[in-house]
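Reader: Could you walk me through this structure, one kind of feature at a time? I would like to learn how to read each of them.

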Amino acid sequence: MVLTHPLLLFGLALVLMPLILHLLMRAKPKKLVFPALRLIQNRKRTNTRRMKLRHLVLLLLRMLVIALLALALARPAVPAADYSLHTGDWVRVAVVAFACAGAYFGFLAVWKRRRTPQHELTYRRSMLRGAVAAGGLAAFALLVAWPYQRRIAAAITQPTLTPDEFLPVAAVMLFDTSLSMEYRQQNKTRLEAAQDIAVKQIEHMPRASRVALCETAGDGQIRFSTDLGGVTKRIAAITTHVINRPLDDRLLAALEAQGADHEQTRTGEGAALAEAGREGILREVYLFTDLASSAWRKDGLPRLRETLEQMPGVNVYIIDVGVLAPTNVALTDLALSDQTLPAGSLLDLRVAVSSAGVEPGERVVELWIDNAAGQPVKLDQATVKIDPAAAATVTFSKQAPAGPVVQGEVRLLSSDPLAFDDVRHFSVLVQPPSEILIVSETRGDAVYLLNVLAPPEIVAQGESRHRCKLITPAQLKSTDLAPYAVVCLVDVADPQDAGWNALQKFASQGGGVAIFLGANVRHAKYLTPAASAVFPGKLKGQVAFDEGVFLDLQNLSHPVLKKFAEWGGGLSTVEINRAWSVEPELIAGAIASFTDRKRLPALVERTLGKGRVVAMTTSIDRRGEWNDLPLDWGFAPLTYEMMRYLARASQSQFNYTAGDDVIIPMTANQAVPAYLLRKPGLQQLREDIPAGTTNLIVKGADQLGNYRVTGVDADVKFERGFSVNPPADESRFDRLGKDDLDAHLGPERYSVARDIENLQRNVKTGRLGREAFPLVVLLLLAAFVGENFVANRFYDKEQTPGDEPKKA
């Protein structure tokens with residue numbers, strides 16, 4: 001316990017005054033002559049006992065009043081802890097109170113029923129009050145005070161500094177620099193509000209204090225500085241960042257910096273103070289945040305709680321600058337139909353619009369695309385109805401401009417307090433139509449595949465996504481496969497060993513091979529060593545199914561079937577009558593199966609070198625009544641997604657969330673020694689590319705917007721683009737509550753303030769302890785009321801039925 005005015009404790013000597021006055025002014029009994037001597041003598045003994053008891057209680061209460069008054073004026077303070085009574089404490093207090101009241105009134109009721117004489121009843125009642133009071137105090141001490149003392153003992157007895165608010169401070173100020181801190185209220189962002197509070201707090205720090213700055217962006221070393229003016233300038237220069245570390249990690253780094261600084265100060269005078277149990281420095285960590293849950297680890301950091309428990313002398317102050325009732329309309333998600341498009345195709349975009357704290361209404365969403373000069377041009381706009389209860393969706397469908405890189409953004413026309421989530425950027429790679437080589441005995445065998453991949457009417461308009469060439473199996477061995485992205489075998493009876501060898505070489509170099517089995521396939525020709533090196537599994541024979549066998553598209557996470565998860569159906573209602581039985585090898589796997597009893601594979605794949613091979617075990621030409629798959633609407637997207645998967649177009653990603661690794665696939669036959677990265681802010685970075693790189697990992701994507709990657713050498717034509725968008729969680733205003741903070745930091749290991757006044761009050765409590773003045777005054781008031789009550793009862797003459805004064 002710490003006393004603000006310790007000299008006033010000499011006032012405790014005044015507690016002797018009631019004792020002295022009591023002894024000097026003790027009432028003397030008066031001698032009265034009564035005829036009924038026996039009755040008077042009995043009454044005298046009873047009154048004497050009662051007066052002695054009341055004298056003692058009144059004396060103690062008067063001494064307690066003076067003692068509490070002196071203690072209150074001394075302004076005591078106790079270490080910061082949770083001194084409030086918990087629910088269990090209040091329950092035990094209520095039980096003790098009811099038990100005492102029940103015992104007291106119960107005994108009185110029994111004595112009254114037995115018609116106890118008045119003088120005896122008065123005596124017993126006095127004794128009962130003393131017994132109930134003593135028993136209640138004992139029960140309160142055992143059931144309430146003892147558990148309460150055990151709970152707060154750690155806070156009171158822990159070894160800390162000798163409290164002194166004028167001791168120098170070693171403080172780490174940690175700033176949450178996530179994008180949600182850009183929320184603007186009263187013409188200030190949340191980060192600017194935090195900066196103002198931090199500067200004011202530094203101004204109130206004692207002399208010789210040191211401050212270290214820390215941000216959630218990056219893992220820079222935390223260094224203490226005695227130049228508080230310089231620290232203030234650095235605070236003003238802090239800005240929000242796109243990529244941030246979780247607050248748990250950076251808070252742990254701040255505590256570790258305090259620990260390292262403590263070890264450095266254990267020399268000279270610091271060592272002497274440490275031996276005396278005092279370091280002579282107050283250690284504090286200030287965390288400035290809006291308490292958005294997106295800035296913290298979802299499952300917390302156990303090591304952080306352990307460190308906080310091991311460092312009880314470091315006080316943690318959380319400054320909550322968040323908005324309790326935010327309003328915002330945001331673009332939270334942008335989805336593209338494809339990130340790689342053939343020239344002339346449609347660019348389909350779908351963007352989600354969410355809102356919080358706003359009235360239902362309408363907003364305008366615009367589509368902008370960069371022209372050849374890099375200038376944004378507005379292509380379209382749409383009006384969307386805003387409803388806080390559910391997100392709205394806006395779709396755009398426009399013809400993709402000439403590539404190879406198409407970039408743009410979707411803008412929300414809004415004036416809400418958070419601006420960064422009103423724009424979503426996107427990038428698309430536009431390439432010439434994919435070259436597909438189809439090998440079949442006749443054109444009729446592959447007519448359905450040709451009509452899906454290159455419909456004649458679309459080819460005539462020059463908008464086909466694929467350019468298909470049809471050859472016979474005999475031509476396969478002499479055809480150069482290098483210009484093609486995918487080679488398809490459609491019900492080929494015998495590709496011949498030379499054809500299998502050509503396909504193996506083609507796939508090993510990164511090409512894709514699709515094999516569609518059918519009635520023409522000769523079993524033995526698919527079991528040769530050359531065929532086994534390419535075919536994904538072992539071909540066993542044809543199987544005729546009973547009625548009721550269909551395709552089972554349960555593996556919807558596979559890229560070939562992923563679209564069917566969005567569409568909710570397709571192909572699974574087409575009955576399959578016949579198929580080839582295939583046993584996938586260990587190097588192969590089943591993408592889809594049939595619903596027959598044996599669950600035979602329907603689509604199998606294998607990786608071959610840098611390429612892939614996918615085989616479909618049932619026919620696609622509708623001959624021999626194998627199935628009617630080509631007539632189902634799902635056949636077109638299945639074959640299209642299969643071609644994209646084999647050509648690895650489905651793996652190309654050009655749109656990222658901030659913090660993701662940006663990986664750009666490189667063309668195997670194109671050597672790019674170095675690249676130039678142009679950022680959204682027009683900064684440019686040059687990086688070398690090691691020879692043989694197949695996936696380029698781009699560094700420096702630390703801004704929101706569209707990026708361009710180009711080859712440094714003019715002779716090498718290489719151009720790619722990608723976009724970085726903020727995480728959707730940054731636009732959600734889910735705040736951490738007390739239970740969440742307790743889970744992250746531990747109960748009673750932090751305090752929360754929302755302004756400089758509350759912060760300074762919390763800091764004073766942390767440095768000096770919690771002031772006990774209100775509690776002492778409350779006890780003083782209770783003692784004064786008790787003294788007044790007992791005094792009135794003591795001097796009040798008890799009346800009995802025979803004592804009423806007679807009228808003259």
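This is a predicted model: local features need pLDDT of at least 70, side-chain atom pairs count only at pLDDT 80 or more; totals for chains, interfaces and linings use all residues.

## Reading the features one by one

Reader: What is the phi of Glu748?

Author: The general idea comes first. Most residues other than glycine have a negative phi. Glu748 is not a glycine, yet its phi is positive, at about 60°. With a relative accessible area of 44%, Glu748 is partly exposed.

Reader: And Asn187, which loop holds that residue?

Author: Asn187 belongs to the loop between S4 and strand S5 (188-189). Its phi is near 65°, again a positive value in a residue other than glycine. Asn187 counts as exposed because its relative accessibility is 64%, and the cut-off for that class is over 50%.

Reader: Let us step back to the whole chain. How many helices and strands are there in the protein?

Author: The protein has 19 helices and 35 strands. Of its 808 residues, 44% count as buried. Looking at contacts between residues at least 6 apart in sequence, 75% join residues at least 24 apart.

Reader: Now helix packing. How do I describe H5 and H6?

Author: Two packed helices are described by the angle between their axes and the distance between the axes. Here, helix H5 (residues 190-203) and helix H6 (residues 228-236) have axes that come within 10 Å and cross at roughly 175°. Angles over 145 degrees count as roughly antiparallel, and H5 and H6 are therefore roughly antiparallel to each other. On the H5 side, the contact is made by Gln195, Ala198, Val199 and Ile202; H6 supplies Leu228, Val231, Thr232, Ile235 and Ala236.

Reader: What classes of residue make up the contact of H5 with H6?

Author: Seven are nonpolar, two are polar and none is charged. Have a look at Glu203 too, which lies in helix H5. Glu203 counts as exposed, at 60% relative accessibility. Its C-alpha atom is separated by 9.3 Å from that of Gly229, 26 residues apart along the chain.

Reader: On to sheets. What is the strand order in the open sheet of three strands?

Author: The order is S9-S11-S14, with antiparallel pairing. Strand S9 (328-336) and strand S14 (392-399) are the edge strands, each pairing on one side only. On average, neighbouring strands of this sheet are turned by 25° against each other, direction ignored. S9 and strand S11 (residues 346-356) run antiparallel and are joined by eight bridges; Val329 stands opposite Ser355 in S11.

Reader: Which strands form the open sheet with mixed pairing?

Author: That sheet has five strands, in the order S27-S33-S32-S29-S30. Its edges are strand S27 (655-657) and strand S30 (684-688), and the twist averages 25° from one strand to the next. Strand S32 (residues 705-711) and S33 run antiparallel, with six bridges between them. Thr710 has Glu719 in S33 as its bridge partner.

Reader: Do S3 and S6 run parallel or antiparallel?

Author: S3 and S6 run parallel, joined by six bridges, and Leu174 stands opposite Cys214 in S6. Strand S6 (residues 210-215) is mostly covered, with five of its six residues buried.

Reader: Last topic: aromatic pairs. How many are there?

Author: The count comes to 11 aromatic pairs. One of them joins Tyr183 and Phe733, edge-to-face, at 5.6 Å centre to centre with 80° between the planes.

Reader: Which residues do ring pairs link into a cluster?

Author: Trp500, Tyr526 and Phe535. The rings of Tyr526 and Phe535 have centres 6.0 Å apart and planes at 85°, so this pair is edge-to-face. Both Tyr526 and Phe535 are buried.

Note on methods:
Residues are numbered from 1 along each chain as its sequence is written. Side-chain values use heavy atoms; hydrogens and water are left out. Two strands pair if DSSP finds at least two bridges between them. Helices (H or I, at least four residues) and strands (E, at least two) are DSSP runs, numbered from the N terminus. Axes are lines fitted to C-alpha atoms, for helices over the stretch in contact, and angles run from 0 to 180 degrees between N-to-C directions. Angles under 35 degrees count as roughly parallel, over 145 as roughly antiparallel, 65 to 115 as roughly perpendicular and the rest as oblique. Contact means heavy atoms within 4.5 Å. Ala, Val, Leu, Ile, Met, Phe, Trp, Tyr, Cys and Pro count as nonpolar, Asp, Glu, Lys and Arg as charged, and the others, Gly among them, as polar. Buried means under 20% relative accessible area, exposed over 50%, partly exposed in between (1.4 Å probe, protein chains only). Rings of Phe, Tyr and Trp (its six-membered ring) pair if their centres lie within 6.5 Å; planes under 30 degrees apart count as stacked, over 60 as edge-to-face and the rest as tilted.
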